[in-house]
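Below are some notes for a first look at this structure. Please read them with the model open beside you.

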Amino acid sequence: MIKIILWIFCILIAAKGFSQKIILLDKSDLQPVKGAVVYDMQKKKHIESNAKGEIDLSSFSDNDTVCIRHITYQLLKETKKNILGQGTELYLTDNVIRLDEVVFSANKAEEKKSDLPNKIDVISAKQIAFNNPQTSGDLLQQTGNVFIQQSQMGGSSPVIRGFEANKVLLVMDGVRMNNAIYRSGHLQNVITIDPCILDRTEIVYGPGSVIYGSDALGGVMHFYSRNPELSKEDKMNFKAGVMGRYASACNEKSGNLNFNIGLKKWGFLTSISYKDLGDLRTGGAKNPFQFASASDDFGKCLYYYEQVNGKDSMMTNSDPLIQRNTGYKQYDILQKIMFQPSEKMRFILNVQFSNTGNVPRYDRLTDMSSGKLKYAEWYYGPQTRLFSSLRAEIMDTCKIFDNLFITLGWQDISEDRVTRKFTVSASPKTRDAQEETVNVYTVNADLMKKFGKGHELRYGLDIMYNTVVSKAYSTNILTGVEKMNIATRYPDNGSTYDCNALYITHSWEINPKFIFSQGIRGSYVMLNAEYSDTMMKITKFPFDKRIEQQNGAITGNLGLVYSPGQDWRFALSASSGFRAPNVDDVGKVNDSKAPLLVIPNPGLKPEYAYNFDLTIGKIIKKKIQLEATGFYTIITNATMLRPTQLNGADSVIFGGTKCQALTNKNESKAFITGFQGNILAQITSGFSAQANITYTYARVRDTLPLDHIPPVFGLASVKYETKKFKGDFYVRFNGDKLLKDYYLNAEDNEQYATPTGMPGWYTLNLKFAYQVNKYMQVQMGMENILDVRYRHFASGISAPGRNLILALRGNF
């Protein structure tokens, strides 16, 4: 018996000794590294790590130098003997300089980022998890290259190169989110994207109209959610993840639960997120860059509304740092089902639902009139977004394509506004509600074909059809009686907005130094809207009750990438963008800024952007990457909010208030110019540094400021990574924006700034993550360590003060 035991023991020892399987793990979070390429110095032997991070080195000899390469990790070179001597696990360290990074969004196809003339940022799922954003707006802001405006805590409006709202494009899993009522002001729609389910996010800077059509003047933000993971073995592939997060600045309590069930051909992914955000506390320390003209109370919440004994009351805030009536709740659900009958074909059903509940419009709730609050109630809600798509992917070479992607999409969006004026009288109080429902139907077909030597052709079609239903009514809050006696926001007899387009792009790798790209798109946009006779009586509009528009455009791009060697890179691009007026542009009635009233303009024309980019990049000893991009954009027929007349008068009585009439008008010419600079440095294996800065300048007819133009802004950070640990100390900063550079009575919101403008600011921030084991990670952060009180340009809410963030993540 003893001999048998010894014999078994010897076999186990021998098996272990002869085992040449290694598991590749991320050094900081201990997760397996999939897709690492392993080869010898002569590149005669080649293997790749699987989903478990496993590699088998049995094909390598003991003295072979084994190279392990992955686009997101530092290159590892070791002899096979030394690797096996370290045990069965090998740890890879992040590399901030990613030479072979791949992107998808520029041309809806997989391409090397360095082959493209566009400036593109990529945010991976790993980066998103470490940055731990509260919303997808925070996710964009954390890049340091996208400016975020906020009117309320439940809002994040991205600004790219001075373009905002309906002049930048949001895309989710290949389906455009911009719809017929995306406005020219500030948008909160990006917060309906759950950052917990994102696999990656790509930001393309500059016009993207050739690939994506109307609205992509400033750039494209493409969000990709995770896909189900199939099983490579006979047993089911089950994975689960859980996250809980707390943030002190708003007493946030949020969490996510997700699980994956993978079979050989079928995969299922489910995710549920919930967040409960309380009132936001701003900083207690005075901004060192505060203007002398600013009151010591700038940025504080001095008064708030409360109903006492059935009467509206303006209460003095006992803690002015707490911005009353800013909290909200939100839940997000995702369900994906994937069927993959073969390696060359798969189908993905994608369903997402987001509900933000009632989101208080904080800036409006702080507006004053004659020493009293103007509003007792002003909130969005609930805002819901139902998203569904069915995508077919065929990767099978034939005469007309190598890859074919077809995506069918349907979105059902509800966006409501509820307002009630503050009153101290005993008369009946009425609450006004405007309800907007938008249905969007989309069809996208994208094909790619390689031919000849270095030629790649991409072409496709886009079809989009919007329907808009706009309702409005007032409710007596004492009796509950409803009346349909107020103006709807959009034409109340319904609106439709549809776009049809064909595009084709071509990339030619002339030689290893030159890549030349071209693209062209033809778009045709139709808009139909109609007011009822009742609405025409309420508004007294002097034009016909029916609005009809047909607009067509040809847009194009040219790009050249020159890589002369010695790690230099030059990229030059010229592109045109196009934005057709939507229902919001031509048909909106809006008095939320009373005594200003925005009225429709059925004759509004499309606006065009002509952009020129020059990028110069240099990598020094594969340790430092420098990149600078200069851009100049000419805008013709620029849409701007301008004074107008209604029935011969420049003011009108609306809702009992005398208002100045404004409308969207086309300006002959405007320009936006600026630059973006980035530095990345891998100082040592564990230490890295990053810094970026963006400067933008714009004028209309060379003299008048253009709105939406942020001050200079950026970010600088130092990161440290070792086994089980990753830390980041970073500085966020904004320059000042003087009032002379504001476009008044529009979207720059000078009423929420100081008499001089919006002062500059900076914050010091720290965060780290510790991987307890391969299943559990603890995260901790401190934002705005100095507790500075500040506001972003054009924002009506002050930024969070000192904010302690705690999070626990589990993966099983």
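This is a predicted model: local features need pLDDT of at least 70, side-chain atom pairs count only at pLDDT 80 or more; totals for chains, interfaces and linings use all residues.

1. A term is needed at the start: strands, labelled E, are DSSP runs of at least two residues, numbered from the N terminus.

2. Is threonine 93 buried or exposed? Buried means under 20% relative accessible area. Threonine 93 has a relative accessible area of 9%, so this residue is buried. Not counting residues up to four places away in sequence, threonine 93 touches Lys27, Thr72, Tyr73, Gln74, Ser685 and Glu721.

3. Next, an open sheet. Its 5 strands come in the order E10-E16-E17-E14-E15, and the pairing is mixed. At the edges are strand E10 (120–124) and strand E15 (175–176), each of which pairs on one side only. E15 pairs with strand E14 (residues 169–172) in the antiparallel sense, over 2 bridges. Within this pair, valine 171 stands opposite arginine 176 of E15.

4. As background, strands of a sheet pair through backbone hydrogen bonds, either parallel or antiparallel.

5. Strand E42 (residues 624–643) runs antiparallel to strand E41 (residues 607–620), and 13 bridges join them. Alanine 609 stands opposite isoleucine 635 of E42. E41 and E42 make a hairpin with 3 residues between them, and lysine 621 in the turn has a positive phi of about 55°. E42 is also joined by 19 bridges to strand E44 (residues 657–682), again in antiparallel fashion. Here the bridge partner of phenylalanine 631 is glycine 674 in E44.

6. Which residues have the most contacts inside the largest nonpolar core? They are Leu140, Phe223 and Leu706, in a core of 56 residues. E42 supplies the largest share of this core, with 4 residues. Neighbours within four places in sequence aside, leucine 140 is in contact with Val146, Ile148, Pro158, Val190, Thr201, Ile203, Met221 and Phe223. A second, separate core has 33 residues, including Ala487, Tyr497, Leu597 and Cys659.

7. Finally, the surface. A nonpolar patch there is formed by Val242, Leu257, Tyr770, Val772, Tyr775, Met776, Val778, Leu808 and Phe812, which together have about 770 Å² of accessible area. Valine 242 lies in strand E18 (residues 237–247). Why is valine 242 called partly exposed? Its relative accessible area is 40%, and partly exposed is the class between buried, under 20%, and exposed, over 50%.

Notes: Residues are numbered from 1 along each chain as its sequence is written. Side-chain values use heavy atoms; hydrogens and water are left out. Patches are made of residues with over 30% relative accessible area and no salt bridge: like charges are joined within 9 Å, nonpolar side chains (Val, Leu, Ile, Met, Phe, Trp, Tyr) within 5 Å. Accessible areas come from the Shrake-Rupley method with a 1.4 Å probe; for residues, only the protein chains shown count as cover. A salt bridge is a side-chain nitrogen of Lys or Arg within 4 Å of a carboxyl oxygen of Asp or Glu. Buried means under 20% relative accessible area, exposed over 50%, partly exposed in between (1.4 Å probe, protein chains only). Two strands pair if DSSP finds at least two bridges between them. Contact means heavy atoms within 4.5 Å. A nonpolar core is a set of buried Ala, Val, Leu, Ile, Met, Phe, Trp, Tyr and Cys residues joined through side-chain atoms within 4.5 Å.
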